[in-house]
Amino acid sequence: MSYTNLLVRLIDLAKPFLPLLPEIELPLEQLTFDDKVMYTIGTSFLYLLAQLPIFGASKTTNDPIHWLRPVFGAEQNTLLEFGVFPIISSGLIFQILSGLKLIKINFNNRLDRELFQTLQKVFAIFQYAILTNIFLFTGYYGYNLTFWQYILINFQLIGTGSVFVFISEIIDKGYGFGSGSLTFITINISANFVTDIIALNSVKTTRGYESVGALVNLVKNLRNKPFKNAILESFTRSYLPNLTQVYLTIGIVLVLIYLQNFRLELPIRSNRVRSVSNVFPIKLLYTGSLPLLFSYVVLFYINILGYTIVNLVFKNDSNQIIVKILGQYITTGFNSNFIVEKPSILYFFSPSKNLFESLISPLRTIIFFATILITSTWFANIWSSISGSSPKDLAIQFKEQGISIAGRRDVSISKELQRVIPVAAVSGAAILATISEIGELFGTNGKSPAIIVAVGAAFGFLELIAADFQQGGGSQNFGSIFGQ
Amino acid sequence: MSSPAPGGQRTDIKRRNNAKSKAQSQQQTPTSSRSAGFGGSSANLLKLYTDEAQGLKVDPLVVLFLAVGFIFSVIALHVIAKLTGKFTS
């Protein structure tokens with residue numbers, strides 16, 4: 001009895017925040033297609049606008065999470081230092097805990113749902129605060145900061161975090177399409193994808209000015225250097241986007257589009273009308289790209305925990321035994337990435353820099369891949385049964401709509417779906433993990449999982465948009481664009 | 001108890017089993033707000049904040065304008081710092 005009381009109290013923690021936190025009003029009626037498009041574009045634009053440099057921080061920083069950034073739409077040294085990681089991790093963790101009944105929440109009870117939602121929100125903002133201060137006190141923003149710099153950096157990062165918690169709430173509540181946090185990730189990744197290919201700006205390197213865009217760099221090299229060198233260099237430069245990464249990303253996008261069409265079509269028929277039969281598709285990527293997102297949440301936690309212990313407690317001192325076990329951080333040259341280069345715990349939980357490195361340290365490649373594979377398949381299995389599209393929920397929906405699987409009795413619908421859905425979800429997640437790892441073998445530094453997450457989310461949005469469009473979007477201005 | 005159920009013993013067992021499974025399914029609590037029928041994360045999209053709690057109710061446009069205001073305040077900080085030459089690192 002006391003045990004359950006203790007668990008109930010976890011959502012009660014959010015009670016004091018309930019009257020304080022702003023709540024977006026639910027739309028009074030279904031928004032029109034045009035309004036939804038406008039809200040989605042507007043909020044995405046705000047997300048891109050927030051990529052401002054942080055005020056008061058030093059310019060050269062040692063970035064320990066550079067390979068985790070793309071997946072969460074984070075940009076180094078900007079207001080979006082952590083992207084939407086706190087929002088997503090808090091959401092995923094609490095929804096899994098409640099789905100596994102580790103936190104007791106009665107979703108039929110309105111107050112419980114409200115408390116649960118507020119708890120997720122508070123924890124997201126809390127994580128923004130914690131991460132900001134970890135970075136401040138480990139010297140990420142420079143040492144010897146003044147008191148005002150501490151205050152200002154805290155104000156900017158926690159402020160941005162809270163702002164985007166509320167903006168993602170706007171989208172989640174039906175003013176936009178689908179999910180707010182995934183919209184931000186998708187828009188950020190697509191913007192970076194274009195930047196990597198055709199960015200016109202150039203950066204000063206040890207070899208003079210170099211173009212950022214991989215394709216622009218190729219053209220520039222072809223004009224200035226001997227042919228062979230030009231080609232080789234455009235494919236292999238490690239400090240800026242290169243053509244290998246670009247081709248890999250394009251390849252991954254194509255493979256994902258192909259995989260989206262893999263489905264098992266269960267023949268269904270109506271109980272009410274005779275001779276009306278149809279198919280119900282169960283997609284291979286049943287859980288979309290969420291499993292991969294979850295894997296990177298886990299990796300983020302492992303790395304940030306290690307980073308905190310090594311840098312905050314032991315000051316990155318290589319004489320300490322714990323630093324030796326966890327791994328000592330070393331600054332790399334151009335990008336000033338902060339990485340672990342010697343075999344140690346953190347070393348095994350980070351991807352290799354390039355193909356050569358992943359081949360000479362196979363153990364690291366295997367452990368990193370195994371971590372992603374195990375976490376994503378575990379998540380896919382759990383998520384497919386708790387997310388509200390589980391076999392049981394679908395069976396209930398079928399019953400309400402008077403549908404049954406052809407040749408099956410009503411009772412065995414749930415069993416039949418149970419036979420298919422978890423298998424599809426788990427194998428889909430395993431395939432995505434493998435594709436992501438193939439990309440990481442070549443040293444895409446987090447870009448390949450990012451593009452998988454983006455394409456997966458985009459397909460989720462596409463379904464919603466298509467459904468919305470069919471419900472009378474054709475008469476609208478934006479709708480008519482889609483119609484042609 | 002002694003009177004046999006209409007339809008014989010088999011039907012009786014079937015009936016009992018049906019009643020049992022029905023009671024079980026009613027007792028089970030939903031695992032997410034979507035399965036309780038209130039919207040929320042689906043299989044491939046993560047939706048977090050879909051319920052309206054009793055808090056400070058705000059119009060979405062107000063939030064968007066405040067967000068723009070926040071971003072411009074940071075831009076203003078940069079500009080002021082450039083003009084006065086303070087805080088530069």
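A residue is counted as buried when its relative accessible area is under 20%. In the predicted model described here, A:Val455 has a relative accessibility of 12% and therefore counts as buried. This residue belongs to helix H17 of chain A, which covers residues 447-470. When neighbours within four places in sequence are set aside, the residues in contact with A:Val455 are A:Val253 and A:Leu256. Between A:Val455 and A:Ala467 there are 12 residues in sequence and a C-alpha to C-alpha distance of 18 Å.

As to the overall arrangement, the domain assignment divides chain A into domain 1, made of residues 1-23 and 31-199, domain 2, made of residues 202-236, and domain 3, made of residues 263-472. The C-alpha centres of domain 2 and domain 3 of chain A are separated by 35 Å.

The unreviewed UniProt entry lists residues 37-58, 78-100, 121-141, 147-167, 239-259, 293-314, 321-340 and 360-383 of chain A under "transmembrane region". Residues 147-167 of chain A, by contrast, are 100% helix and 0% strand, with 30 Å between the end C-alpha atoms.

Helix H14 of chain A, formed by residues 362-386, contains 25 residues, and the distance from its first C-alpha to its last is 36 Å, close to the 36 Å expected at 1.5 Å a residue. Just after H14(A) comes A:Gly388, which adopts a positive phi of about 95°.

Strand pairing in chain A involves strand E4, residues 263-270, which runs antiparallel to strand E5, residues 277-283, and is joined to E5(A) by 7 bridges. Within this pair, A:Pro267 is placed opposite A:Val279 of E5(A). The two strands E4(A) and E5(A) make a hairpin in which 6 residues lie between them, and A:Ser275, located in the turn, has a positive phi of about 55°. Strand E4(A) also pairs in the antiparallel sense with strand E8 of chain A, residues 403-405, through 3 bridges. In this second pairing, A:Arg269 has A:Ser404 of E8(A) as its bridge partner.

Definitions and conventions:
Residues numbered from 1 in each chain as written. Chains lettered and ligands numbered in written order. Predicted model: local features only at pLDDT ≥ 70, side-chain atom pairs only at ≥ 80, totals over all residues. Heavy atoms only, no water. Pairing = 2+ DSSP bridges. Helix = DSSP H or I, 4+ residues; strand = E, 2+ residues; numbered from the N terminus. Domains from an automatic or database assignment. UniProt positions renumbered as here; feature names shortened; annotations may be inferred. Expected span 1.5 Å × (residues − 1). Buried < 20%, exposed > 50% of the residue type's maximum accessible area, 1.4 Å probe, protein only. Contact = heavy atoms within 4.5 Å.
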